[in-house]
Amino acid sequence: MATSNPMSDEQFLCSVCLDVFTEPVTTSCGHNFCRTCISGYWKTIDLCQCPICTHKFHTRPDLLVNTFIVEMAAQFRKLVQVKTTSSPDQCPAKPGDVSCDVYTEMKLKALKSCLSLRKAEGLIKELEQETTELKRRSTELEQLSHTEDDLNLLQSFPSPCSPPLTKDSDLCVGIVRRAVSQLEETVMSEMKRLFDDELKRIQQYAVDVTLDPDTASPWLILSKNGKEVRTGEKKQKLPDNPKRFDSAVNVLGKKGFSSGRFYYEVTVTGKTEWNLGVARESINRKGTVALSPDNGRWAVILRDGSKYTACAATRVHLCMREKPQKVGVFVDYEEGQVSFYDVEARSHIYSFTGYIFTEKLYPYFSPLLNDGGKNSTPLIISPVNHTD
């Protein structure tokens with residue numbers, strides 16, 4: 001049985017069925033559901049809308065499978081199976097002694113998950129016992145209220161400090177609050193661990209990205225090593241060529257990728273606006289073109305210092321707990337996936353999924369305008385710090 005908890009957009013419980021995702025799909029507003037759950041929900045209403053944010057869709061949107069959530073849900077489901085199929089004496093009580101062979105390379109994670117779930121089960125059992133006791137005392141009080149024996153009544157409830165036996169007992173509420181708080185802490189801790197493992201996995205696909213000066217807008221200033229880009233105060237006189245962006249303050253990486261996986265990181269500290277992502281080779285480089293996959297760019301952007309948006313066909317506004325200082329960009333060409341990560345927070349920002357790439361993809365950067373010096377800090381391509 002699923003447990004209802006306050007959860008974020010990118011976790012593994014469907015908000016409709018409150019169970020682990022089955023064939024998870026993502027709507028254009030950025031929320032995830034089981035395909036059958038959201039399809040069934042839309043059949044019950046006249047106008048399609050998101051059950052979470054109530055965003056309305058004038059036409060029923062195409063639902064794309066979220067491959068990242070598929071993997072996360074599969075891992076969580078296996079961890080739950082470890083707990084539910086093991087007897088109490090089979091669940092280990094000390095680190096390193098795991099009886100489960102589901103994950104031979106992730107035994108410590110299986111151990112910690114098992115212990116966390118048992119702890120949560122204990123809290124729920126404690127709450128049930130407390131509720132049973134409150135009901136018993138309430139019944140006794142109801143019976144004594146009809147007696148004229150005051151002494152018997154006082155002996156049955158001698159403490160004037162006993163909590164009031166009502167439905168809204170402070171004792172009951174306190175236990176509920178403590179149980180929910182600890183369950184939420186357990187889930188969030190497990191999610192952070194999963195995302196940390198995910199980021200470590202994709203960092204092995206790190207590539208050396210260098211900016212291509214032949215593509216840079218005349219407004220941009222590149223460092224000599226090709227690792228930094230900022231917007232200048234005036235337009236430079238540079239030779240025009242088909243590869244160069246003429247008005248949009250954009251620049252691409254030198255190397256393009258037409259297969260496999262690649263990953264790079266960009267430091268964005270001190271900036272109030274930027275665009276980051278990947279672009280296909282044939283994008284229009286003359287004039288200004290709207291950011292979207294239809295126009296050949298898969299990007300996440302920052303505006304006004306705190307407004308983060310994924311530039312999907314329908315813009316998805318992102319709620320960030322922390323302001324990213326370093327952004328990781330990961331591409332799986334064959335899977336049609338482009339994902340963004342907050343490197344320092346070890347968290348997932350957004351994923352474009354379900355696309356079919358047919359030409360080279362290049363790292364894409366835009367530091368945007370200086371805004372009177374407020375946004376003059378450069379974007380910096382950073383070396384990836386591989387962690388064990």
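Me: Which residues does W274 touch, not counting residues up to four places away in sequence?

Reply: Contact here means heavy atoms within 4.5 Å. W274 touches V268, V300, I301, L302, R303, Y308, V327, S366, L368 and L379. Keep in mind that this is a predicted model, where local features need pLDDT of at least 70, side-chain atom pairs count only at pLDDT 80 or more, and totals for chains, interfaces and linings use all residues. Residues are numbered from 1 along each chain as its sequence is written, and side-chain values use heavy atoms, with hydrogens and water left out.

Me: How many residues are in the largest nonpolar core?

Reply: In soluble globular proteins, nonpolar side chains tend to be buried together. A nonpolar core is a set of buried Ala, Val, Leu, Ile, Met, Phe, Trp, Tyr and Cys residues joined through side-chain atoms within 4.5 Å. Buried means under 20% relative accessible area, exposed over 50%, and partly exposed in between, with a 1.4 Å probe and protein chains only. Here the largest core has 38 residues, and W274, V338, Y350 and F365 have the most contacts inside it. Apart from it lies another core of 30 residues, including V25, L63, F76 and F330.

Me: In what order do the 6 strands of the open sheet come?

Reply: Strands of a sheet pair through backbone hydrogen bonds, either parallel or antiparallel. Strands (E, at least two residues) and helices (H or I, at least four) are DSSP runs numbered from the N terminus, and two strands pair if DSSP finds at least two bridges between them. The order is 6-15-8-9-10-11, with antiparallel pairing. Strand 6 (251–252) and strand 11 (316–318) are at the edges, each with a single partner strand, so one side of each has no neighbour in the sheet.

Me: Which residue stands opposite W274 in strand 9?

Reply: That's L302. Strand 8 (residues 274–280) and strand 9 (residues 297–303) pair over 6 bridges, in the antiparallel sense. Strand 8 is also joined to strand 15 by 6 bridges, and there the bridge partner of N275 is S366.

Me: How many residues of strand 15 are buried?

Reply: 6 of the 6 residues in strand 15 (residues 361–366) are buried, so the strand is largely enclosed by the rest of the structure. Strand 6 is joined to strand 15 by 2 bridges, with L252 opposite Y364.

Me: Which residues of helix 1 are buried?

Reply: An α-helix has 3.6 residues a turn, so residues three or four places apart point the same way. In helix 1 (residues 35–43), the buried ones are C37, I38, S39 and W42. The buried residues of helix 1 pack against strand 1 (24–26) and strand 2 (32–34).

Me: Where does N241 lie, and is it buried or exposed?

Reply: N241 is in the loop between strand 5 (228–231) and strand 6, and it is buried, with a relative accessible area of 18%. Leaving aside neighbours within four places in sequence, N241 is in contact with D214 and K286.

Me: What is the mean pLDDT of the chain?

Reply: pLDDT is the predictor's confidence in each residue, from 0 to 100. Where pLDDT is low, the predicted coordinates should not be read in detail. The chain's mean is 79, and 71% of its residues reach 70 or more. Over residues 87–112 the pLDDT is below 50, and that stretch has 33 contacts in the model beyond near neighbours in sequence. Residues 150–168 also stay under 50.
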